[in-house]
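Biologist: Could you walk me through this one slowly, starting with the overall fold and then how the chains meet?

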Protein chains: 2
Amino acid sequence: MNSEYPEFTVRPIGFVRSARDEPIDDGWDGIETRIELDAKELEPDAVFGLSEFLHIEVVFLFDRADPAKACRSARRSRGREDWPLTGILAQRAKDRPNRLSVTMCRLLKAEKNILYVQGLDAIDGTPVLDIKPVMRGFLPRGEIREPKWAQELMAGYWE
Amino acid sequence: MNSEYPEFTVRPIGFVRSARDEPIDDGWDGIETRIELDAKELEPDAVFGLSEFLHIEVVFLFDRADPAKACRSARRSRGREDWPLTGILAQRAKDRPNRLSVTMCRLLKAEKNILYVQGLDAIDGTPVLDIKPVMRGFLPRGEIREPKWAQELMAGYWE
């Protein structure tokens, strides 16, 4: 690391275990998923009190995305010609710089080092970098506005 | 990197420029903040279409937190004796493994490589690792539940 081009290292705190092992666009809510936390990274009481929350936010790495193919400009989501050309930072696609993803999902059950979740759009083996509670105070304040393509994109995403 | 203890490298796509340069707990909404994107990491059209969204999600690094002091078990938020002992994954505190933060904030204006935002709880010089649009479809589905201490914690956070 030097000051002009700093780099930082992150290490998984756990891994996703899922019945889905290929990146499919839609239908994520029906997939059974658990997060196995790494006992070398975290003590069992690192999740103490987490089940007071109904939702958690999972930061994970799209580790199967090829960093060399990361889009650093604009593209069409899912290659759809009927959707507008959009900058990669205006999308949540996997082919992005740093390959980070953030998803809020439902926490079904928290055991010492296993979290059972619903609605996590991460495939089997995905490295998990962080888990946070979803607090009402951290949700966006005020009206949400989004373009039409974003609504169309999400139409079948969970169900 | 080896397969048993994988590590990943992330590189800032930009930096926070803010009037606030010390980590203060409360009052974040009044702070003027901009994100300067790094032209070496992103083309100008990487933000194309972003201003169709009112909110963005910013993934950043608590780079001033000492990694050696990261909590890997449980602690009390802000050291408050009247709040319960809580696992670090049930908190959003900075002293956590990987030092990652995720905040949804209001996008006021997007220029080619400068984003003007409101409600970003990151101090001056903070490395930004990713920016995503806030889509309604990615907000938590169903009721939000949280413990009382989380509401008390957030009481003065933004205002």
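**The barrel and the pair**

Modeller: In this predicted model, chain A holds a closed barrel of six strands in the order S2-S3-S8-S7-S4-S9, with antiparallel pairing, where two strands pair if DSSP finds at least two bridges between them. From one strand to the next the twist averages 45°, with axes being lines fitted to C-alpha atoms and angles running from 0 to 180 degrees between N-to-C directions.

Biologist: How are the residues and chains labelled, and what cut-offs apply?

Modeller: Residues are numbered from 1 along each chain as its sequence is written, while chains are lettered from A and ligands numbered from 1 in the order in which they are written. As the model is predicted, local features need pLDDT of at least 70 and side-chain atom pairs count only at pLDDT 80 or more, whereas totals for chains, interfaces and linings use all residues.

Biologist: How many helices and strands are there in chain A?

Modeller: Chain A has one helix and nine strands, which are DSSP runs numbered from the N terminus, with helices (H or I) of at least four residues and strands (E) of at least two. Along the sequence the pattern is β-β-β-β-β-β-β-β-β-α.

Biologist: And how do S7 and S8 pair?

Modeller: Strand S7 (residues 100–110) and strand S8 (residues 114–118) of chain A pair in the antiparallel sense over four bridges, and A:Arg106 has A:Gln118 in S8(A) as its bridge partner.

Biologist: Switching topic, what rotation superposes chain A on chain B?

Modeller: A rotation of 180° with 0.0 Å of shift along its axis does so, with an RMSD of 0.0 Å, the copies being superposed by least squares on the C-alpha atoms of residues with pLDDT of at least 70 in both. That is the relation of a two-fold axis, and in chain A the C-alpha nearest the axis belongs to A:Thr9, 2.3 Å from it.

Biologist: How many residues are in contact between the chains?

Modeller: 64 residues of chain A are in contact with 64 residues of chain B, where contact means that the C-beta atoms, placed from the backbone, lie within 7 Å. On the side of chain A that touches chain B, S9(A) gives the most, with six residues.

Key: Two residues are in contact if their C-beta atoms, placed from the backbone, lie within 7 Å.
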